[in-house]
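Thanks for passing this one over. Please have a look at the model first, and then read my notes beside it.

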Amino acid sequence: MERKELLQVKGLETTFFTEDGAIPAVDNIDFSLREGEILGIVGESGCGKSVTSLSIMGLVPSPPGKVTNGEILLEGTDLAKFSDKEMRKIRGKEVAMIFQEPMTSLNPLFTIGNQLTEAILIHNKKWSKKKAEERAIEMMKLVGLPRSEELLKEYPHQLSGGMRQRVMIAMALVCDPKILIADEPTTALDVTIQAQILQLMRDLNKRLNTAVMLITHDLGVVAETCERVVVMYSGQIVEEGPVDLIFKDPQHPYTKGLIQSVPDMRFKKDRLYSIRGNVPKPGSIKQGCRFAARCEWAHERCLQENPTLYQTGEHHKTRCFLVSGKEAHIDDRAIVESK
Amino acid sequence: MLRYIGRRLLQLIPVLLGMTFIVFLIIRAIPGDPAQVILGQQATKEAVAALRASLGLDNPWYIQYFHYLGDLITGDLGESMRTKTPVADELWPYLAATLELSLCAMILAVIIGVNAGIISAWFQNSWFDYAAMIIALIGVSMPIFWLGLMGQWIFGIQLDFLPTSGREDPRNPVNPITSLYLIDTLIQGRFDQFIVVLQHLILPALALATIPMAIIARMTRSSMLEVMRSDYVRTARSKGQKMFFVVYKHALKNAIIPVLTVIGLQTGLLLGGAILTETIFSWPGIGRYIYDAIGFRDYPVIQSGILIVAFIFIMINLVVDILYSIIDPRIKYN
């Protein structure tokens, strides 16, 4: 079933202007988020996942960061061209966001009630405080927070990490946004709570039909939660496709490496697999494929030219010369260069 | 909370007791004899001895100290050796003058200092930030007497629109009720006098406010810069909140606690240490009162004056500590 594209990111480029020069943290990325889907964005830290989400929200720390190119189309309107005043009407209402650290993402000096109703009262100027509180309580029940009336008067430090993340989710969804961006929502939580929060996000996605952009470095989370996944490396998209396809048949050496790095309990290994080397500093690789230095299959061409995203399946794209070279050998897959 | 306040008030007793003891000894270590000062250089030895005996100064120091403590416990601050009036009666108008001046100065310092700090942090590295911080740096390094004299010279003499000394127009004195002239004139409906009193306040209050204002601005800025980078500020923005409310609601409340500490300390310092400003502007405040008493070796006045100033200082700190727990629900005493 083909669903309408809610958010289209086209050629997005976000640059940080530092003393060491302009560093493109996000370099010409394209992807889209469809209505009601859960899209995973995966990559190591520093690959530009968070900057991508902050760019969409218009919250890139500025200075030094700035969206320098590209379009962010929300139902056809380009958010990249919006002023901060116009963006304020989008944030929290159309696109909401939850963050990695529920411990520090809630303001310690305001009650849960105050913080939950804040977004409601910003976007619904005519609502009374009482009405906003009723809506907040309704949301708290929806995200599974017990004794919601009392919680309204409590402070974040009185809550556990899992409860705080539930508050964050309630807070993000309180104005019924079309898109929820979740930036590593479970990273700071312990494993049982992680599972609960992911389950909750899946439920809410089904129930409210909110499209979710789930940013994570954890492939397990992606496998469990998402329908499609975008793999990012050093500010670029290296692979994109449906989750089952990517897990079954990863094309890009980086994705392969990532999947291999996930410990598998079925096989006893002395040493876990890891991709050698480190993520390059953004902007440090000017020529060739950015993954070449760490790639087991890198050859001469990879160091000279930057591969583009090749269409390796109907819904599958990969940025690697290997798949462009493989085109003759793979008969069931039409390989077309996307650009 | 009440138990905490009670405990803090109990802690006051040993602190003040220790303080009276130290002050008592130090002022007696100053060379010079009250009886000699009162009677003058030409007085006979017999007359001086007689006055010493009548003032109780011929007793050993520890006897004098216990007499003083005994009086203090019954609420008697003693009698001025010079004017023979009870210190308790004499003290209040001076204290009121200082309270009025330093509170006005602190209100100025807090309003301007805190806002300058906030705006500097909000627009970090802007021209406002640079200008405010350079002015603040000049402010902290400015000797207060020089600033006072310059203020008098420019606004009092060259431009001639502000009075340079005193609290009131001596030809049209305020009828004191509370001795806080701003309040007295308002109670009595004397708006003409209110304006005059206010005019007298401007220069000394500005001079006195400069250093605390600069310290508060710098403190607010650095505290705000730290808070502005925090996750909850980003959360507030992600809700679509206006930057003004993000800054003045979410960030400021978190940034204000270290600033509050500085405000408390500075208020305490102003109340006790405004002697320079009070001297330059002939302000009849407690600093001048104690300073003059030292000149006359007027032991009871010095002792009681310092005791009151210390008491106020400690009380301000208590209030600041209580404010912490009101602002931050995580701070719990007991």
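The numbered points below go through conventions, sheet, domains, chain contact and core.

1. Conventions. This is a predicted model, in which local features need pLDDT of at least 70, side-chain atom pairs count only at pLDDT 80 or more, and totals for chains, interfaces and linings use all residues. Residues are numbered from 1 along each chain as its sequence is written, while chains are lettered from A and ligands numbered from 1 in the order in which they are written.

2. The sheet in chain A. An open sheet of four strands runs in the order β2-β1-β4-β5 (chain A), with antiparallel pairing. Strands here are DSSP E runs of at least two residues, helices are H or I runs of at least four, and both are numbered from the N terminus; a pair of strands needs at least two DSSP bridges between them. At the edges stand β2 and β5 (77-78) of chain A, each with a single partner strand, so one side of each has no neighbour in the sheet.

3. Pairings within that sheet. β1(A) and β2(A) form a hairpin with two residues between them, and eleven bridges join them in the antiparallel sense. T18(A) lies opposite G21(A) of β2(A). Strand β4 (residues 65-74) of chain A is joined to β5(A) by two bridges, again antiparallel; here L73(A) has D78(A) as its bridge partner. Helix α1 (residues 49-57) of chain A packs on the sheet, where it touches β1 (5-18), β2 and β4 of chain A, and its direction makes about 75° with that of β2(A). For that angle, axes are lines fitted to C-alpha atoms, for helices over the stretch in contact, and angles run from 0 to 180 degrees between N-to-C directions.

4. Domains of chain A. The assignment, automatic or from a database, gives domain 1 (5-233) and domain 2 (248-337). Their C-alpha centres lie 29 Å apart. Ten residues of domain 1 of chain A are in contact with eleven of domain 2 of chain A, contact meaning C-beta atoms, placed from the backbone, within 7 Å. On the domain 1 side, β2(A) gives the largest share, three residues.

5. Domains of chain B. Here the division is domain 1 (2-73) and domain 2 (90-327), with C-alpha centres 32 Å apart. The contact takes 15 residues from domain 1 of chain B and twelve from domain 2 of chain B. α1(B) gives the most to the domain 1 side, with nine residues. By class, that side has eleven nonpolar, two polar and two charged residues, where Ala, Val, Leu, Ile, Met, Phe, Trp, Tyr, Cys and Pro count as nonpolar, Asp, Glu, Lys and Arg as charged, and the others, Gly among them, as polar.

6. Between the chains. In the contact, 23 residues of chain A meet 19 residues of chain B. α4(A) gives the most to the chain A side, with four residues. That side divides into eleven nonpolar, six polar and six charged residues.

7. The core. Which residues have the most contacts inside the largest nonpolar core? They are A170(A), V174(A), M213(A) and I216(B), in a core of 153 residues. Helix α9 (residues 191-228) of chain B brings the largest share, 18 residues. Such a core is a set of buried Ala, Val, Leu, Ile, Met, Phe, Trp, Tyr and Cys residues joined through C-beta atoms within 7 Å; buried means 20 or more other C-beta atoms within 10 Å of the residue's own. Among the residues that I216(B) touches are V110(B), V114(B), V259(B) and I263(B), leaving aside residues up to four places away in sequence.

How values were computed: Buried ≥ 20, exposed ≤ 12 C-beta atoms within 10 Å, placed from the backbone. Contact = placed C-beta atoms within 7 Å.
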